[in-house]
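Subject: The structure I promised you

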Amino acid sequence: MPESPAVPAARPTPSDPAELSAEDGKLVILARGARGRVGAVEGAAVRDQDGRTYAAASVSLPSLTLTALQLAVASAVAAGATRLEAALVVTEASTLDGAGHAAVRDLSADAPIHVAAPDGSVLGTVVE
């Protein structure tokens, strides 16, 4: 069985919230909707290089655990995305999970990753 790549354990802390563009504002709606539909811990949405969006909720099964951001990135890649313009995660945590952060950075070194509270208010943005 192949070894899994190491996932950063660090939880990046978002900087002060930036004013969201209208396109990034749509990500908030998509992520909140994905989270709310299934009552998940987190919801996330990403926008690819062509402006297509992908939303997902966290998955926690006995045999599979994915953060919402990991699943949104995986959905984008499965649809042919090669780069991300932006990402957003709706969570009750005050930091971004390391695995989701790593998944976004696999496709884009500079895409902003916005972190929002369940009510949709943006807590901050990770740009590193």
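**Starting with helix 2**

Helix 2 covers residues 68-78, and its buried residues are A68, L69, A72, V73 and A76. "Buried" means under 20% relative accessible area, "exposed" means over 50%, and "partly exposed" is in between, using a 1.4 Å probe and protein chains only. Helices (H or I, at least four residues) and strands (E, at least two) are DSSP runs, numbered from the N terminus. Why do these residues sit on the same side of helix 2? They cover an arc of only 130° around the axis, which puts them there; the arc is taken from the directions from the helix axis to the C-beta atoms.

Before going on, keep in mind that this is a predicted model, where local features need pLDDT of at least 70 and side-chain atom pairs count only at pLDDT 80 or more, while totals for chains, interfaces and linings use all residues. Residues are numbered from 1 along each chain as its sequence is written, and side-chain values use heavy atoms, with hydrogens and water left out.

So what covers the buried residues of helix 2? The cover includes strand 1 (43-48), strand 2 (53-57), strand 4 (65-66), strand 5 (84-90), helix 3 (98-107) and strand 6 (113-116). T67 is buried, at a relative accessible area of 15%. Just after helix 2 comes G80, with a positive phi of about 105°.

Two strands count as paired if DSSP finds at least two bridges between them.

Strands 5 and 6 run parallel and are joined by 4 bridges. L88 has H114 in strand 6 as its bridge partner.

L20 is in the segment before helix 1 (22-38). Leaving out neighbours within four places in sequence, its contacts are G25, V28, L88, H114 and V122. L20 and T125 are 105 residues apart in sequence, but 9.9 Å apart in space, C-alpha to C-alpha.

**Two cores**

A nonpolar core is a set of buried Ala, Val, Leu, Ile, Met, Phe, Trp, Tyr and Cys residues joined through side-chain atoms within 4.5 Å. The largest one has 21 residues, and those touching the most other members are V46, L69, V73, L84, L96, V104 and I113. Strand 1, strand 2, helix 2, strand 5, helix 3 and strand 6 each give two or more residues to this core. Which element gives the largest share? Helix 2 does, with 5 residues. Apart from this core lies another, of 8 residues, including L27, V28, A86 and L88.

**Charged pairs**

Side chains of opposite charge can pair when their charged atoms come close. Here a salt bridge is a side-chain nitrogen of Lys or Arg within 4 Å of a carboxyl oxygen of Asp or Glu, and the whole structure has 7 of them.

- R35 and E92 meet at 3.1 Å, N to O. R35 is in helix 1 and E92 in the loop between strand 5 and helix 3, 57 residues apart. R35 is buried, at 16% relative accessible area, whereas E92 is exposed, at 65%.
- E85 and R47 meet at 2.8 Å, N to O. E85 lies in strand 5 and R47 in strand 1, so this pair ties together parts that are 38 residues apart in sequence. E85 is partly exposed at 37%, and R47 is buried at 8%.
- D24, R47 and E85 are linked in a network of salt bridges.

Key. Contact means heavy atoms within 4.5 Å.
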